[in-house]
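Open the model in your viewer and keep the selection tool at hand. The tour goes from one selection to the next.

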Amino acid sequence: MILQENYLLNNGMKIPKVGFGTWMIDDKVVAQVVGDALALGYRHIDTAQAYGNERGVGEAIRDSGIDRSAIFLTSKVAAEHKTYNTAAKSINESLARLELETIDLMIIHAPQPWDEFREANYDEENIEVWHALEEAVREGKIRSIGLSNFNQHDIENILKHATIKPVVNQILAHISNTPFGLIDFCKKNDILIEAYSPVGHGELMKNVELKELAEKYQVSVPQLAIRYCLELGLLPLPKSANKEHIKMNGELDFKLSSKDLEKLKSVKMMDDYGESSNFPVYSKK
């Protein structure tokens, strides 16, 4: 079962190959949704300060009856925290909201605040945030640290000044939008790529070509898209609040032929994310 398989991070820690994303799942319902995911076999849960649902995620983990050591939890320092002090304070606040002693992976959510995403240089500030994360590791609050939405320049900046290497870079990656150059750079530096929005925030389900290929494998388009990420050695983070969809998204024990994988690599670039196109991660890739 793929949900029980792991990747090995560059610090020796294991991380489940498929994560469960919680973006845009309200704190009032997220405990139930994450509880369902854990009951269905997911062991990797991804949240963030910006999602506003850390409290409910922590509740689900505590109430799951599953040993804490068997669950891999990720959260993210909000993109707006760009000083050592604000980042360090936010980590403590995340732990308090989660009501957990440690976070398995803490990530810088973006290299710039969202209202300046891809439009400003925050190299010095990101080093401050990184040092706050490193200090939290040394204090035992966090077990590993990483990045999100960082391009090659942003990563090189961190690597120049880091005493602890990033274990992951979480980026937008899916069929029709796969940044192969950045993926190769991260692989060369032993940084695992996590793929958020592996189903293109739902837009891939409108693609007729993908529907036909999914039928060939007798799977759903989301299953096909999530499997694509796994075939590339990425860690997909599917998200759903629907229990049946959560279950299906974890049923990934099929393989894509090399021919079909190559076909999927060359699917026409997606440039419209529908109603979600106004989010910086989709409009300023």
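Buried means under 20% relative accessible area, exposed means over 50%, and partly exposed is what lies in between, with a 1.4 Å probe and protein chains only. This is a predicted model, in which local features need pLDDT of at least 70 and side-chain atom pairs count only at pLDDT 80 or more, while totals for chains, interfaces and linings use all residues. Residues are numbered from 1 along each chain as its sequence is written, and side-chain values use heavy atoms, with hydrogens and water left out.

**Stop 1: Asp190.** Select Asp190, in the loop between H6 and strand E9 (192-196). Helices (H or I, at least four residues) and strands (E, at least two) are DSSP runs, numbered from the N terminus. Asp190 is not a glycine, yet its phi is positive, about 55°. Its relative accessibility is 44%, so Asp190 counts as partly exposed.

**Stop 2: helix H5.** Select residues 152-161, then pick out the buried ones: Asp154, Ile155, Asn157 and Ile158. Looking down the axis of H5, these buried residues fall within an arc of 155° (taken from the directions from the helix axis to the C-beta atoms), so they line one face of the helix. An α-helix has 3.6 residues a turn, so residues three or four places apart point the same way. Now show what covers the buried residues of H5, including helix H4 (123-138), strand E7 (145-148), strand E8 (168-172) and helix H6 (180-188); contact here means heavy atoms within 4.5 Å. At the start of H5, select Asn151, where a side-chain oxygen comes to within 3.3 Å of the backbone nitrogen of His153.

**Stop 3: the largest pocket.** A pocket is an open set of points on a 1 Å grid over the protein atoms alone, with protein on both sides within 12 Å along at least five of seven lines, and lining residues have an atom within 4 Å of a point. The largest pocket has a volume of about 680 Å³, counted as the space filled by probe spheres set on the points. Select Trp23, Ser197, His201, Leu237 and Lys239, the closest to its centre among the 30 lining residues. Helix H9 (243-249) and helix H11 (280-283) are the elements that give two or more residues to this lining, and H9 gives the most, with 3.

**Stop 4: His201.** Stay on His201, in the loop between E9 and helix H7 (208-217). Is His201 buried, partly exposed or exposed? It is partly exposed, with a relative accessible area of 26%. His201 has a positive phi of about 50°, although it is not a glycine.

Key:
Polar contact = N/O pair within 3.5 Å; in protein donor to acceptor, adjacent residues only side chain to side chain. 1 Å grid on protein atoms, 1.4 Å probe; cavity = no way out; pocket = protein on both sides within 12 Å on 5 of 7 lines; lining within 4 Å.
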